[in-house]
Amino acid sequence: MKINYRIPLFVIATVAMLTATFSFGVYMGYSRGPAVTKVLSIINKEPTVATTADFDTFWKTWNLLKEKSIYSKDVSDQDRVWGATAGLASSMGDPYTVFFPPKENKLFTEQIQGSFGGIGAELGMKDKILTVISPIKDTPAWKAGIKKGDKILKINNISTTDMTVDKAISIIRGPEDTSVTLTILHTDERQTHDLKITRAKIAIPTIDTESLDGGIFLIKFYSFSENSANLFRDALVKFGNSGSHKLLLDLRGNPGGYLDSAINIGSWFIDEGKTIVTEDFGSGDKKPIVYRSHGPKVFNDSLQFVVLVDGGSASASEILAGALQENHVATIVGEQTFGKGSVQELINVTPETSLKVTVAKWLTPNGTSISLKGLTPDVKVPYTLKDVDAKRDPQMDKALEILKARP
């Protein structure tokens, strides 16, 4: 038996209206919903740690860049992730915390493991500007007239604004006998200078000694290398054999280096058990590590000791100078030091990427953070460009004056 079944028109109209309403609701829900729901085919989208951060802005920006940017087709999604991760590292506000994507990580690994050509200048960040901590004696940078405190505004005409120290170093370094052009702003000058410098293999000097008038023995210390403590010990033997009790240690332009060298050197001047430096890990659960003098102290209270520092004295130089100053062993003369008092750890994030992160800060024996402002000398003496041009050294003159005045 055949049955004719007709659906009333009002029912069809109702269903059509409901379907349209549902579709519009789905569309509105999709368009107004979390931006992450529009991002498809991405793995590891959910964080593995608890957070109350709102990621919707991130995903909205992700989608807008894909839809609007004229460069979108030239940038892969994975490159966007590397860029976002690098931005996450920079959000710490620490110029020494850096994420290395695959290409940059490969370059960084090659640089710290192999030999390279460079210009011979230690770089750091000062007030968010790429700054020369110190040029190394007799290197291309030294011969080109680069000075401590110089600001590097461009490298090969590329602006250094927002450039990390590691990125700058990777551009400056290169094959020997090739050149790099730096746009430099000298301290106390308003006119920039373009310096074309030929790269060379850098041999870092460590130590020089000299007997000066007035029975003063000078140790010029250039870097805290792996073998520097042994070389410093040899210099102290010369000092002992000289019959002098007046020692002048010049740490100006010394960018630092091995922590162990600073502790070993300090231990020859500071009573055993006294604090040399503290490694502070912040407000977390990890307790500070106190590095103390392990002795033996080889000099008695008759030692007359002056240490020269300047804006090029950094890291291990500041650790040693701060320990000698606050343990009342030496008088510090010169200018405010650079303020590079932090500890970095290199961590492999993936097999192809890594993160260099600041994990601790160095504190002087009195608990002062070296990273904040550096060390303040007991006797402040400026050293200006006019002094350089006139070939005079008021800091050295003051140090010698202090030592000569003592019995």
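Buried means under 20% relative accessible area, exposed means over 50%, and partly exposed lies in between (1.4 Å probe, protein chains only). With that in hand, let's take a tour.

This is a predicted model, in which local features need pLDDT of at least 70 and side-chain atom pairs count only at pLDDT 80 or more, while totals for chains, interfaces and linings use all residues. Residues are numbered from 1 along each chain as its sequence is written, and side-chain values use heavy atoms, with hydrogens and water left out.

**The sheet**

Helices (H or I, at least four residues) and strands (E, at least two) are DSSP runs, numbered from the N terminus. Two strands pair if DSSP finds at least two bridges between them. Look for V306, which stands opposite T331 in β16.

Contact here means heavy atoms within 4.5 Å.

**The cores**

A nonpolar core is a set of buried Ala, Val, Leu, Ile, Met, Phe, Trp, Tyr and Cys residues joined through side-chain atoms within 4.5 Å. Which residues touch the most other members of the largest core? They are F269 and F305, out of 40 residues. Helix α9 (316-326) is one of the elements that each supply at least two residues of this core, and α9 gives the largest share, 6 residues. Leaving aside neighbours within four places in sequence, F269 is in contact with several residues, including F232, L247, F305 and V329. A second, separate core has 23 residues, among them M125 and V180.

**Salt bridges**

A salt bridge is a side-chain nitrogen of Lys or Arg within 4 Å of a carboxyl oxygen of Asp or Glu. By this rule there are 12 salt bridges, and here are some of them.

| Pair | N to O distance |
|---|---|
| D77 and R80 | 2.9 Å |
| K356 and D166 | 3.1 Å |
| K297 and D271 | 3.3 Å |

D77 and R80 both lie in helix α3 (residues 77-90), 3 residues apart, about one turn of the helix. Is R80 buried or exposed? R80 is buried, at 13% relative accessible area, while D77 is partly exposed at 33%.

The pair of K356 in strand β18 and D166 in helix α6 (residues 165-172) links distant parts of the chain, 190 residues apart. K356 counts as buried at 11%, and D166 is buried at 13%.

**Backbone details**

A cis peptide bond joins G295 and P296, with omega about -5°. P296 sits in the loop between β14 (289-292) and β15.

S315 has a positive phi of about 55° although it is not a glycine, and K391 also has a positive phi of about 55° without being a glycine. S315 is buried, with a relative accessible area of 15%, whereas K391 is exposed at 79%.
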